[in-house]
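I wanted a quick look through this model before doing anything else with it. These are my notes, in the order I looked things up.

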Amino acid sequence: NSCLAQEYLNAQLPDTTIYVINLDSRADRWRNIASCGLSKFRTERFAAVRGRPGFAWEGCARSHLQIVAAARKRRAPYVIVAEDDFASTLDWPAWEARLWTILHWLLRNPSQWGVFNGHASGMGLDVPTAVLSQELGLVEMPGGHNTHFIIYNGAHYDAVLAWYKVYHPRALDNLADPYDPS
């Protein structure tokens, strides 16, 4: 346990909901997540928008955007979005403790992030451009793709929602690449 993790252990968060995008046809994935036994976070199922055949990413992008739009409307300081397949191999207690600590760091440093990608992978990964927290292992890394686990900063909801209008029909996964919060 790091000093930072100890500092945040009993601290409160404004919202501990993880919105999980889940197709009605994949109840098995929702059962897996619902049975994980989280103690600090709660999961809420978001009925995923279905994309056209062969274009599943469209539904995924629209689902993310609907969740972000709802968070914007309720003026949430951030929103956590996960896809229902992000969790298949997690050590849940360790993952939850790490997420709790990272989220506290993000809230204390809102100007240093716009979209936190908790599962960056895929083509375009680059070398880190900045170390944000040595202790937590948080780095700025342009070019990361994948929207399996995202935390959107409330100060950047409008920019995220504008991406869809500008870049559609590209996948939201690819929109995380050119993000510039300035």
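This is a predicted model: local features need pLDDT of at least 70, side-chain atom pairs count only at pLDDT 80 or more; totals for chains, interfaces and linings use all residues.

**Layout and confidence**

I started with the secondary structure and got six helices and seven strands. Going along the sequence, I wrote the pattern down as α-β-α-β-α-β-α-β-β-β-β-α-α. I checked the contacts next: of those with a separation of 6 or more, 73% join residues 24 or more positions apart. I also looked up burial, and 42% of the 182 residues are buried.

The average for the protein is 75, and 66% of the residues score at least 70.

One is residues 1-5, with nine contacts beyond four places in sequence. The other is residues 171-182, and there I found 25 such contacts in the model.

**Cores**

Which residues have the most contacts inside the largest nonpolar core? I got Ile18, Phe41, Phe149 and Ile151, in a core of 24 residues. Strand 1 (17-22), helix 2, strand 3 (78-83), helix 4 and strand 7 each give two or more residues to this core. Helix 4 gives the most, with eight residues.

I made a general note to myself here: in soluble globular proteins, nonpolar side chains tend to be buried together.

I then listed the contacts of isoleucine 18, skipping neighbours within four places in sequence. Among them are Leu38, Phe41, Ile80, Ala82, Trp95, Leu99 and Phe149. The list also includes Arg42, Thr43 and Glu44.

There is a second, separate core as well; it has 18 residues, including Ile67, Ala76, Val79 and Val81.

**Aromatics**

I counted three aromatic pairs. In one of them, phenylalanine 41 and tryptophan 100, the ring centres are 5.5 Å apart and the planes sit at 80°, so I logged the pair as edge-to-face. Phenylalanine 41 is in the loop between helix 2 (27-34) and strand 2 (42-47), and tryptophan 100 is in helix 4 (residues 92-108), so this pair ties together parts 59 residues apart in sequence. Are the two residues buried or exposed? Phenylalanine 41 is buried at 5% relative accessible area, and tryptophan 100 is buried too, at 7%.

The next pair I opened was tryptophan 95 with phenylalanine 149: centres 5.4 Å apart, planes at 85°, so edge-to-face. This one links distant parts of the chain, with tryptophan 95 in helix 4 and phenylalanine 149 in strand 7 (residues 149-153), 54 residues apart. Tryptophan 95 comes out buried at 17% relative accessibility, and phenylalanine 149 is buried at 4%. I also found that Trp92, Trp95 and Phe149 form one aromatic cluster.

I went back to tryptophan 100 for one more thing. Lysine 40 lies over the face of that ring, 4.5 Å from its centre.

**Cysteines**

How many disulfides are there? I got zero, with the cut-off at sulfur atoms within 2.5 Å. Cysteine 36 has a relative accessible area of 15%, so I put it down as buried. Cysteine 60 is at 17%, and I put that down as buried too.

Terms used:
Residues are numbered from 1 along each chain as its sequence is written. Side-chain values use heavy atoms; hydrogens and water are left out. Buried means under 20% relative accessible area, exposed over 50%, partly exposed in between (1.4 Å probe, protein chains only). Rings of Phe, Tyr and Trp (its six-membered ring) pair if their centres lie within 6.5 Å; planes under 30 degrees apart count as stacked, over 60 as edge-to-face and the rest as tilted. Helices (H or I, at least four residues) and strands (E, at least two) are DSSP runs, numbered from the N terminus. A charge sits over a ring if NZ of Lys or CZ of Arg is within 6 Å of the ring centre and within 35 degrees of the ring normal. pLDDT is the predictor's confidence in each residue, from 0 to 100. Contact means heavy atoms within 4.5 Å. A nonpolar core is a set of buried Ala, Val, Leu, Ile, Met, Phe, Trp, Tyr and Cys residues joined through side-chain atoms within 4.5 Å.
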